[in-house]
Number of protein chains: 2
Amino acid sequence: MEKVKPTLLRGFDQEYLPQDQLHFNRLVELIRTSFERYGFLPIETPSAERREVLTSKGGVEKEIYALTRLAEADDDEAATKGALRFDLTVPLARYVAMRNRDLAFPFRRYQIQRVWRGETPQANKGRFREFYQCDIDIIGREKLSYLAEAEIPSVIYSVFREMKIGEFRIRINNRKVLKGLLREFSVKDEKAGAVLRILDKGEKEDVRAQLQREGVSAELHQLVSEKRDTRQTLDLLAKFKECEQGAAELKAVVEAIRQFGVPDSAFGVDLGIVRGLDYYTGTIYETSLTGHPEVGSVCSGGRYDDLASHFSDTRFPGVGISIGLTRLFSRLKEAGLLQPLARTPAEVLVTTMDRQHLDKYLRMAATLRAAGINTEVYLEEAKIGNQLAYADRKGFRVALIAGENEFAQGTVQVKNLSAKTAREIPLDRLVAAVKETLDGA
Amino acid sequence: MEKVKPTLLRGFDQEYLPQDQLHFNRLVELIRTSFERYGFLPIETPSAERREVLTSKGGVEKEIYALTRLAEADDDEAATKGALRFDLTVPLARYVAMRNRDLAFPFRRYQIQRVWRGETPQANKGRFREFYQCDIDIIGREKLSYLAEAEIPSVIYSVFREMKIGEFRIRINNRKVLKGLLREFSVKDEKAGAVLRILDKGEKEDVRAQLQREGVSAELHQLVSEKRDTRQTLDLLAKFKECEQGAAELKAVVEAIRQFGVPDSAFGVDLGIVRGLDYYTGTIYETSLTGHPEVGSVCSGGRYDDLASHFSDTRFPGVGISIGLTRLFSRLKEAGLLQPLARTPAEVLVTTMDRQHLDKYLRMAATLRAAGINTEVYLEEAKIGNQLAYADRKGFRVALIAGENEFAQGTVQVKNLSAKTAREIPLDRLVAAVKETLDGA
């Protein structure tokens, strides 16, 4: 038979071996648990939405994957009007507009799902066409306290601290501060969007020349890109009349972030944080790993005034942040920053030396499973050496071995596969003995 | 501003409110834990694969959603050669062919992901265009013991028992038995596929007339559709010479399923189980809810001889089963069979009667979270009555209330929101008192 080459599509290629998938799943679980710890509730939205929903904010058409049918089909609006979501924020806006009568506000939701973007994939920068985002948002109806803007970094602080990925820094800024600075430097309002998008490129490109072309002074560029600590920045902003409101907001949020328990070592004001999207109106966030600047921002977001303006007359102000998990995972793995797994699901392998006794092997397995211990029974006919080789390969921590002799005496051998030690124990001590071995006793 | 109507695409509409999403997530977690309990390891595969990979088995083109770009784009093979997976088996075949050197065989994998099919949506039958599948497969390299065919139903038995969804029945059959019966009734080999696909429709359509058109006797139809218990069926099969091998296999698998701990009340042989796909070669499974026949099969699968024949010269025999979770969830919900959640993530709301004391409220929350209790602080300015109304609406179980008086005395009121009772406790007993209330003490 002619074979099809088993390969993946470029950018749709973040597929892991089971050991890495376990690791990835543990991170998802950690994030989910942390989000729930702070009172966020889960939602999931369909992968495909109406194109007019996805493009309602405008400006993203060029990155969207639409759906079509491989063969002609009648009556399939998904294929004529549907496309894959490119983020979790637009679906959230549609969700809130559609279901607000059934939600309690402020609505605190988390969402951990894949998104799809037709960008140019760059594996070494962690940029893919299909990737996971882990979002939290707090959405008010008509109003939302600035305290929500302070709580968001505290949740992220808790998540990243628990991940044990080394030092990180949540850098914050305020869009009103940025707009005030533009006015101070006489950038006209209608140019503000374009200038902010240039500033957003940071040091990556020839920003200074681009700004010059827009008639922006080098002084402004220097002001936003110079490094200062939080106090210095707030002092500096006090000098600019146009920044008054933004600076006051930023100061209040900084103070509240401290109250929410985030130490100054883990966050700070950085005027260079811009977040190009027009969407943001207040505090904005980016997060980087201190020891690994090359990884770039692993978590970003901000405050917005009106989440669902394209779908509803009700105003839903909110604040949210997004962890780009596929990207973060790929960079952590590359940088060797993934903590070893405390526990794999492959805990105990019951080897089957003598398949006559299958019932006894199965009973051992049932006993261990009932005690919450993950247990597999080796079902193929194979020499015990091959069974143990399989156990090593899959990463089991304990193997049980028993044959005619052991069964006659009511015992079983418990083999610690990492320490390469074994001991014979009475069958009625099975659960306790296996737990001791798993706990490293 | 002109508004876009916030609606979903037909068939891409299984989107839940947070309370239902929590329920769904708990089922996923239960399934995941059970699968890992039996030594299955997780994988996830990309949503989109090469079209030639997806269509390698043939015959599915008409249900596949392909990707295209909404705007013109260069160099995007996903948009010219990619399509969304319609099941988890073809991606598994590609995965195994691609990565078999890195896997331990027998390879036991589970996969819980969405799939997409351009079928006609029928909400009342739980048929959607986007839905979750939860698959397990055991895949051998060149060989695989029949015991794997017996273990699969025992895993499913464990999952459904734990779900507490009432009585269910795993019905099994064997493709060799079916093919033997066709030979007994003189159906030519080249017609076998067509006849099995007709039989697969069960009682749903005018099966008898269709069989007649294929020249199949009514006796065969009666034979496969009549209800018998497992022993009667095995006795009956002993009469048919052409079924010898299949009947022997089926009998061995039945005996092993019992050894694996599945009671006869939860499984049985049913000659009416056909599984239309040519793909299956041995034991086949379907699972139904005894009290709710209208729900149809909620879990099905079978044994196959060669998973990755389209991708590899190596033979990978396997056996697998798939839970259609979106469908199951939709039907369980409709039938009122969802068990109430033992625990919601919304456990404790710290109300903020006097925002001057924000630091103290935040400290209470931090203390509770450190003890593993999900805790939210109410951050908006609102009367205490409105804060408690929010707590009720979101389903919190406990509210903490403290103001000038309580803080002066170092106490806090712990309000049990379901029992509508409250007590004042010293702050240093906070964790213990909240736990007592959550535990229903």
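The model is predicted.

- Leu88(B) sits in the loop of chain B that runs between β4 (82–84) and α4 (89–99).
- Within 10 Å of its own C-beta there are 26 other C-beta atoms; since 20 or more count as buried, Leu88(B) is therefore buried.
- Cys134(B) lies 46 residues from Leu88(B) along the chain, and their C-alpha atoms are 8.6 Å apart.

**Relation of the two chains**

- Chain B is superposed on chain A by a rotation of 180 degrees with 0.0 Å of shift along the axis, at an RMSD of 0.1 Å.
- This is the relation of a two-fold axis.
- The C-alpha of chain B nearest the axis belongs to Leu67(B), at 2.5 Å from it.
- Both copies use the same surface, as 100% of the contact residues of chain B recur in chain A.

**Domains of chain A**

- The domain assignment of chain A gives domain 1 as 18–334 and domain 2 as 348–438.
- Between the C-alpha centres of domain 1 and domain 2 of chain A the distance is 50 Å.

How values were computed
Residues numbered from 1 in each chain as written. Chains lettered and ligands numbered in written order. Predicted model: local features only at pLDDT ≥ 70, side-chain atom pairs only at ≥ 80, totals over all residues. Helix = DSSP H or I, 4+ residues; strand = E, 2+ residues; numbered from the N terminus. Buried ≥ 20, exposed ≤ 12 C-beta atoms within 10 Å, placed from the backbone. Least-squares fit on C-alpha atoms with pLDDT ≥ 70 in both. Contact = placed C-beta atoms within 7 Å. Domains from an automatic or database assignment.
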